[in-house]
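Please read this report alongside the sequence and the coordinates.

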Amino acid sequence: MTVMPEHALITLSLNLFNVISNLMKPNLSFSVFLVTSLFGFSLSCEAESWTKHTVMEKGRNVTAVAADYDGDGDVDVISSYPGKISLFAAPDWEETVLHRFPKMNATCIHSETLDVDGDGDMDWVGSEAKGMPFWLENPGENTGAWAARLIDPDIRGIHCILKADVDNDGKLDIIINNFEPKGPLADSVAWFRIPKKVHAAERWDRFVFADKTARGGSHYFGFGDINGDGWGEIAIGAKGKPFEDGNWFAYWTNPGKDGVEGAWEKTVIAEDQLAATNILPGDLNGDGEMDFLASRGHSAGVIWFEGPDWKLHDIDPDTKSPHSLVLADLDNDGDLDGASCGYESQKVAWYENDGKGAFAVHVLDEAQESYDLRSVDMDGDGDLDLLNAGRGTGNVAWYENPVK
């Protein structure tokens, strides 16, 4: 029996589709149903699908970051799973253990990557959930051990670490919360300047901007210039239960003058936001005002707040536990899109912005959990892909963006 080539079958099918469509206008939906039923393939409104690539499947992990750590031109991944922090080198994802924890079940809750010591290679910053923040020094050229050095001895309960130029000196700083409501920095959040002699420093230079004003289980941060004065503000979501207070989104206004002198004023964006987690600033509707993309990562819903009055709009209200959140131009059309993964719903989705704040939901995966999602150009083709730390699905995966 002669089998018709696939391209010929598709061409014949499309020709038949056009014939039937012309005969049966305006009943286009019936025409699509008839053609797809006869020939057994689907016609999708999606131009191309995102391709999922697995980096590792070694156990529960809640943070993953990416950069060219070994200097070979490929984008690698660093993630933490029980007992260790490991580098997975592209393209074959060969594992190198960078750090081992004393406890076999210990893992990192969050992390960042940046050139801490200014030597031209990318280092790593992170912490256990109930540990102190530290950084791992990249030895360069993938040789030698990654030395671990302390950032601050007083923080004993972390949930988020974010890199940002807080003091406008052209160098990246680090923002870290004290997630646990105890210790000398209880209910507080601080930013840290990298000391000049970072290899010998016992601690980094610390500046507390939310001094006991971040009660309620502060979660993830966003950084951006909200008021247009050239200085970046810091936004935070707080999840509440089991902590007192919480269930709010707020931001703290940078006083300028290196972000050190003067008080940072707290502005509440919204209260009664059950299990609030992520809050990222950006102009979502193109009106010149800053807005916020947000998620209730320990309950349900991806939302956005329209500035300047912070009117709430739903984007994906039913997604459960959208603990991770991305704000970036994912389709290269000049506006800001979103992405999230709900670990209870196990749904990875990206939210296509029409430029005016209306978002179309595109589901990429319905069998994947997440605590941490990042937008990174993983394959060097000029568009932003999505890197996902797989939480209960026990993997790290990245989703290849089809947009060119």
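The paragraphs below describe the model region by region.

This is a predicted model, in which local features need pLDDT of at least 70 and side-chain atom pairs count only at pLDDT 80 or more, while totals for chains, interfaces and linings use all residues. Residues are numbered from 1 along each chain as its sequence is written, and side-chain values use heavy atoms, with hydrogens and water left out.

**Overall composition**

The secondary structure comes to two helices and 28 strands, where helices (H or I, at least four residues) and strands (E, at least two) are DSSP runs numbered from the N terminus. Of the 404 residues in the protein, 53% are buried; buried here means under 20% relative accessible area, exposed means over 50%, and partly exposed lies in between, with a 1.4 Å probe and protein chains only. Among contacts (heavy atoms within 4.5 Å) with a separation of 6 or more, residues 24 or more positions apart account for 43%. A search of the whole structure finds zero disulfides, a disulfide being a pair of cysteine sulfur atoms within 2.5 Å. Cysteine 108 is buried with a relative accessible area of 0%, and cysteine 341 counts as buried at 0% relative accessibility.

**Nonpolar cores**

A nonpolar core is a set of buried Ala, Val, Leu, Ile, Met, Phe, Trp, Tyr and Cys residues joined through side-chain atoms within 4.5 Å. The largest such core holds 40 residues, of which Ile175, Trp204, Phe209 and Trp252 touch the most other members. Elements that give two or more residues to this core include β6 (108-114), β11 (173-177), β13 (205-210) and β16 (248-253), and β12 gives the most, with four residues. Leaving aside residues up to four places away in sequence, tryptophan 204 touches Val116, Trp135, Leu150, Ile151, Ile174, Phe192, Arg193, Ile194, Pro195 and Val198. A second, separate core of 16 residues includes Met56, Phe88, Trp93 and Ala389.

**Pockets and the cavity**

Grid points are joined across faces, edges and corners, and a volume is the space filled by probe spheres set on the points. For the classes in the table, Ala, Val, Leu, Ile, Met, Phe, Trp, Tyr, Cys and Pro count as nonpolar, Asp, Glu, Lys and Arg as charged, and the others, Gly among them, as polar.

| Space | Volume | Lining residues by class |
|---|---|---|
| Largest pocket | about 650 Å³ | 16 nonpolar, seven polar, four charged |
| Second largest pocket | about 390 Å³ | six nonpolar, two polar, nine charged |
| Largest cavity | about 40 Å³ | four nonpolar, four polar, two charged |

The largest pocket, with a volume of about 650 Å³, is lined by 27 residues, and the closest to its centre are Glu112, Leu162, Leu325, Leu373 and Arg374. Elements that give two or more residues to this lining include β2 (64-67), β18 (278-282), β22 (322-328) and β26 (372-376). Of the 17 residues that line the second largest pocket, the closest to its centre are Val116, Lys171, Ile194, Pro195 and Lys196. The count comes to one cavity of 30 Å³ or more, and residues lining the largest cavity include Asn178, Glu180, Asp187, Ser218 and Phe243.

**Valine 302**

Valine 302 is placed in strand β20 (residues 300-306) and counts as buried at 0% relative accessibility. Its contacts, not counting residues up to four places away in sequence, include Leu293, Asp314, Pro322, Leu325, Ser340 and Tyr351. The C-alpha atoms of valine 302 and glycine 342, which are 40 residues apart along the chain, are separated by 9.5 Å.

**Backbone details**

The peptide bond from alanine 90 to proline 91 is cis, with omega near 5°, and proline 91 lies in the loop between β4 (84-89) and β5 (94-100). Tryptophan 93 is also found in the loop between β4 and β5; although not a glycine, tryptophan 93 has a positive phi of about 60°, and at 17% relative accessibility it counts as buried. Another cis peptide bond joins glycine 307 and proline 308, with omega about 10°, and proline 308 lies in the loop between β20 and β21 (311-320). Arginine 391, in the loop between β27 (385-389) and β28 (396-400), has a positive phi near 40° and is buried, with a relative accessible area of 16%.

Conventions
1 Å grid on protein atoms, 1.4 Å probe; cavity = no way out; pocket = protein on both sides within 12 Å on 5 of 7 lines; lining within 4 Å.
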